[in-house]
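Let's go through this model together, one question at a time. Have the sequence and the 3D view at hand.

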Amino acid sequence: MGEFKVHRVRFFNYVPSGIRCVAYNNQSNRLAVSRTDGTVEIYNLSANYFQEKFFPGHESRATEALCWAKGQRLFSGGLNGEIIEYDLQALNIKYAMDAFGGPIWSMAVSSCGSQLLVGCEDGSVKLFQITPDKIQFERNFDRQKSRILSLSWHPSGTHIAAGSIDYISVFDVKSGSAVHKMLVDRQYMGVSKRKCIIWGVAFLSDGTVISVDSAGKVQFWDSATGTLVKNHLIANADVQSIAVSDQEDSFVVGTAEGTVFHFQLVSVTSNSSEKQWVRTKPFQHHTHDVRAVAHSPTALISGGTDTHLVIRPLMEKVEVKNYDAALRKITFPHRRLISCSKKRHLLLFQFAHHLELWRLGSTVATGKNGDTLPLSKDADHLLHLKTKGPENIICSCISPCGSWIAYSTTSRFFLYRLNYEHDNISLQRVSKMPAFLRSALQILFSEDSTKLFVASNQGSLHIIRLLEGSFKHLHTFQPQSGTVESMCLLAVSPDGNWLAASGTSAGVHVYNIKHLKVFEYSIPDKQYTEWSRTIQKQGFHYLWLQRDTPITHISFHPKRPMHILLHDAYMFCIIDKSLPLPNDKTLLYNPLPPTNESDVIRRRTAHAFKISKIYKPLLFMDLLDERTLVAVERPLDDIIAQLPPPIKKKKFGT
Amino acid sequence: MVQLRPRASRVPPSAMVDEGQPASEEEEEAEHGLLLGQPSSGAAAEPLEEDDEEGDDEFDDEAPEELTFASAQAEAREEERRVRESVRRDKTLLKEKRKRREELFIEQKKRKLLPDNILEKLTTAGQTNIKKSSGKLKEANLQKENEDCDKGSDSKKAKVQKVQSVGQNKSYLALRLKDQDLRDSRQQAAKAFIQNSLYGPGTNRTTVNKFLSLENKRLPVKKAAAQFLNNAWGTQKKQNAKRFKRRWMVRKMKTSKK
């Protein structure tokens, strides 16, 4: 396998934005997550929790509510007062409709999926009809005095519950008038000064309304009489979110202290038919406020200000008890935020609104296996490139030779040329980009840096030849007839002849660049056929299958085509195709090879997968040249240190 | 040294009916008093008395003129009419002035507004479906709009009505910036509400440093806080110290060279 010098990079100051809303779609087992910077991500929970789609953020869009409607349609409402529908095929925003009520605080879709309710800042609840291509305003309900912060439909669609500040109203949908107004007690830790904000309401089919508020209470109300039935004081801080399961026998609430509580409907004694709601399990997986929870049939999902998305499968609901039912914590994005220029040892970091270019430090010392070598020249911050406008950067790339930088937002594409003279850098923008290059989902440079591949969100793939100061459009691969899928991932072969792209529907297309034709699965398959056939026969090692984080990056060693280097968030691995595959008995994670073992044993235990778990958590790993690797890590403590303040916890003895 | 006309002129004409003659006489005498340089005195009664005396000395015993009641009344009425007419004339004059001013303003306003044909198009362009175009497009469109109607409309750039499409020219979208300001202010207010309710006074928040150090405090061997050093402490003092040190070194070098 060989020895490598590894550059450990920790100066990528990446802080993800906090999670604001979470919405679970039962039919497709998908989860939509919206963050505070306006990004909406879609996770496929059945495909190893992979983040398959994302919509980039926008500065003015502060989403406060997210919901799925019938037919896989996603709607969101935010503080700019607009209802936005997302196009999941083309990965852009279909339209944005102003609700004319001021900032939107809450949104709810009826159980039949054809009506949408929006709660606004001015206290009005607006009803919209969902038509096949748009939404249409139907009418206003009675206007309330303060802003409507939470909404919930009764499963039959006849009543709704709206939580506001200090009270909850129950409306009748047909007449639009408020039937009941339930006042909530303000008392918080013995003081009644602060207003009680009802952060979440849920309407059950037996007429019970569950409310969670900022005084730390979970209350059960009877909507027929408008009275309080039961009161649970569960926290000393706000309880900020609530989600009920489809069978209505359990629900989950999230608090500002980071605790998630699970409530279940259990019978009073073992054989009585009377049931009551009992608080069963607390989970402490977060450090900051849990602002959004969702309840899927088998798992509890929570996300909050500490930017982790935690999926906790419930043991009693999971059918097959294997390692699939472990806790998943998704912290890092599954897209690439870093690109590397191998020739000049440069790294390009992508942030939400700017790019940073760093040159790696160098060392002249040598050492043994496992040593840390001192740097003779520190890493250098070369460039800080800011974007204009409120949109977030979708993707960026630097060419392997280091002289071109390209990045794209939702409406524009930027290409820059870098010139290096004696340690100085000068940047030149290439203006007049062609009109078809408006927004790109993935950008990639060819190995010899003469060609630029751009995958746009209309499903087409553009190839552009780069010349000294300008560019020339070479070719465009149009999408196949009938599908408007957008390219998500790109990879180019080292000799520059083949380009592989995968679309949203998980098909892989391979393009021959020399002759500009499209193949399908042919080249990688041809290489992989013998090898993959043996894999299929023997099956992967069981630990390999148990890896719970998806592989984020794969790269090939140019000189040794038998080696594949891939990594995910916790380990990196080099697959050597010439060595035999491991069987279940051998150790998968072999530590540093002991030198005093005899050669025979070493040869027997050597197998194809060489895994190292030294560097975690890994954001990016790549091969720089024959003997050097670069690994970009992002320690979690550094992220936590830059988050907003958490709730104070009083511990005895401090 | 001007002596004010005595009460005679201030008394209303109707009350002067009986004393018509003596009043006019007194006026003449008062004038005489003035010519003779009588000092101005506070009481109005004194000069009258003096004038009376002097008037009597000058003229012979002449019977005062006979003034019939009718003539005095007519005179009084004339006066009244004159006063009323002058007031009316003043009023009409003012009215005219105001009218002229209004017209002037209307004309100025008209000069500043868009030409009539564009205004017509805007008002008859159908439903005002407020559509917000993307950032770049909005700017480009506003620019275009301004270029199109540049009849001295610099000051009225901000007040263009919001419409969906203007006739056949679908190349630009007119937006009212006042609405955008309102929307921004509402969004700001909403964000301030959230910030206040989650992190404002009354919430039980602590710093991240304290939060992460809680564990260190409870260990059997107590450790320091997660971020023990406060690098931002005393920045001004440190800067002053650095500057002083530099200057001291320079001085030291100079003296040592000598």
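Q: Which residues form a nonpolar patch on the surface, and with about how much accessible area together?
A: This is a predicted model, in which local features need pLDDT of at least 70, side-chain atom pairs count only at pLDDT 80 or more, and totals for chains, interfaces and linings use all residues. Residues are numbered from 1 along each chain as its sequence is written, chains are lettered from A and ligands numbered from 1 in the order in which they are written, and side-chain values use heavy atoms, leaving out hydrogens and water. With areas from the Shrake-Rupley method (1.4 Å probe, only the protein chains shown as cover), the patch is Phe244(B), Trp248(B) and Met249(B), with about 330 Å² together.

Q: Is Trp248(B) buried, partly exposed or exposed?
A: Trp248(B) sits in helix α9 (residues 235-257) of chain B; helices (H or I, at least four residues) and strands (E, at least two) are DSSP runs numbered from the N terminus. Buried means under 20% relative accessible area and exposed over 50%, with partly exposed in between (1.4 Å probe, protein chains only). Because its relative accessible area is 40%, Trp248(B) is partly exposed.

Q: How many helices and strands does chain B have?
A: Along the sequence, chain B reads α-α-α-α-α-α-α-α-α. The count is 9 helices and 0 strands.

Q: Is Ser152(A) buried or exposed?
A: Ser152(A) belongs to strand β14 of chain A. Since its relative accessible area is 9%, Ser152(A) is buried.

Q: In β8(A), what is the bridge partner of Ser76(A)?
A: Strand β7 (residues 73-78) and strand β8 (residues 82-87), both of chain A, pair in the antiparallel sense over 4 bridges. The partner of Ser76(A) in β8(A) is Ile84(A).

Notes. Patches are made of residues with over 30% relative accessible area and no salt bridge: like charges are joined within 9 Å, nonpolar side chains (Val, Leu, Ile, Met, Phe, Trp, Tyr) within 5 Å. A salt bridge is a side-chain nitrogen of Lys or Arg within 4 Å of a carboxyl oxygen of Asp or Glu. Two strands pair if DSSP finds at least two bridges between them.
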